[in-house]
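Work through the exercises below with the model open. Each task is followed by a stepwise solution.

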Amino acid sequence: MRQNSVPSPLIQIFSKRIFSLLPLLFTITLIQCGVPKGEFGWTTTQMEEMDILEKHIQTITDYKMMRDDLIFSPTDTIHYVYQFSRNPGSETDFYISLNRYELDFVEIDIKKKRAEPDSHAIRDEFSLLRTGEYLIKIVHEGDTVDEVKFRVLPDEGYTQENLEQELAGDQTDEIIKYSR
C-alpha cells in the first residue's frame, strides 16, 4: 500500500537550495552574535579654565576619529567616544579600563558604562593624568572588545629636569624606586 506524500522532485529541489544556503546563514548568525567592534574618537578641553555652569552645560559633539599617534597634555581634559558599528544592546554592560604603564600596564581606573541608545556610543572623559603611556580597554564579560594606547606628554616636551621630577615623584613606590 502506498502512502500519500509530497512529490519527491519538489523535496529534492527545496532541500538542495536550503542545504547550499546553510553555511551562509550560519556565518551571518555568527557575525551578528557577540559585541560589535567600533572606532575611537577624541577631543580635548581645558576644564580648569571653565566655571561650574560652563562645565555643566558643555556638550562635546565633534570628535576626531583616530587611534594612532595619540598625544595629550597633562592639562587637557581628554574626552573620548567609542562608536559601535551596530547596536550592542541597551542592556549590555561594558567596563572601561584605564591603564598606566609602570613596569607593565597597571589598571588605575575602571568604569561601568552602557552604550547610548540613540547613538550606539560610549562617551566619557579623563582629566589630570600624569605624564606617561596609557591604555584604554573596552571590556565585555571579561573579553576585550577593543583597546587603544595614548601618551600624555608635558607641553614643553621632555627635558632632563622633567624626567628627574617625574622620577622623584615615583620614589614613594618601592618597586619603581628600586627598578631604576
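**Exercise 1. Find the residue in strand 7 that stands opposite Val81, then place the strand pair in its sheet.**

Solution. This is a predicted model.
- Step 1: Val81 faces Arg123 of strand 7.
- Step 2: Strand 4 and strand 7 run antiparallel, joined by 6 bridges.
- Step 3: Both belong to an open sheet of 4 strands, ordered 2-1-4-7, with antiparallel pairing.
- Step 4: Strand 7 is an edge strand, as is strand 2 (64–65); each pairs on one side only.

**Exercise 2. Determine the two pairings of strand 5 with strand 6 and strand 8.**

Solution. 
- Step 1: Take strand 6 (residues 105–114). Strand 5 (residues 93–101) runs antiparallel to strand 6, with 9 bridges between them.
- Step 2: Asp93 stands opposite Arg114 in strand 6.
- Step 3: A hairpin of 3 residues links strand 5 to strand 6.
- Step 4: Turn to strand 8 (residues 132–140). Its pairing with strand 5 is also antiparallel, over 6 bridges.
- Step 5: Tyr95 stands opposite Val139 in strand 8.

**Exercise 3. Is Thr45 buried or exposed, and which side chain does Thr45 join in a polar contact?**

Solution. 
- Step 1: Locate Thr45. The residue lies in strand 1 (residues 38–45).
- Step 2: Apply the cut-off. Buried means under 20% relative accessible area. Thr45 has 12%, so Thr45 is buried.
- Step 3: Look for a partner. The side chains of Thr45 and His79 form a polar contact of 2.8 Å.

**Exercise 4. Identify the residues that touch the most other members of the largest nonpolar core.**

Solution. 
- Step 1: The core holds 22 residues; Trp42, Leu129, Ile136 and Phe150 touch the most other members.
- Step 2: List the contributors. Strands 1, 4 (77–84), 5, 7 (121–126), 8 and 9 (143–152) each give two or more residues to this core.
- Step 3: Follow Trp42. Beyond four places in sequence, Trp42 touches residues including Tyr63, Leu70, Phe72, Ile136, Val148 and Phe150.
- Step 4: In soluble globular proteins, nonpolar side chains tend to be buried together.

**Exercise 5. Classify Lys149 by accessibility and list its contacts beyond four places in sequence.**

Solution. 
- Step 1: Lys149 lies in strand 9.
- Step 2: Its relative accessibility is 45%, so Lys149 counts as partly exposed.
- Step 3: Beyond four places in sequence, Lys149 contacts Arg67, Leu70, Phe105, Glu133, Tyr134 and Leu135.
- Step 4: Consider Arg67. Arg67 and Lys149 are 82 residues apart along the chain, yet their C-alpha atoms are separated by 7.6 Å.

Note on methods: Residues are numbered from 1 along each chain as its sequence is written. This is a predicted model: local features need pLDDT of at least 70, side-chain atom pairs count only at pLDDT 80 or more; totals for chains, interfaces and linings use all residues. Side-chain values use heavy atoms; hydrogens and water are left out. Buried means under 20% relative accessible area, exposed over 50%, partly exposed in between (1.4 Å probe, protein chains only). A polar contact is a pair of N or O atoms within 3.5 Å; within protein, one must be able to donate a hydrogen and the other to accept it, and residues adjacent in sequence count only if both atoms are side-chain atoms. Two strands pair if DSSP finds at least two bridges between them. A nonpolar core is a set of buried Ala, Val, Leu, Ile, Met, Phe, Trp, Tyr and Cys residues joined through side-chain atoms within 4.5 Å. Contact means heavy atoms within 4.5 Å.
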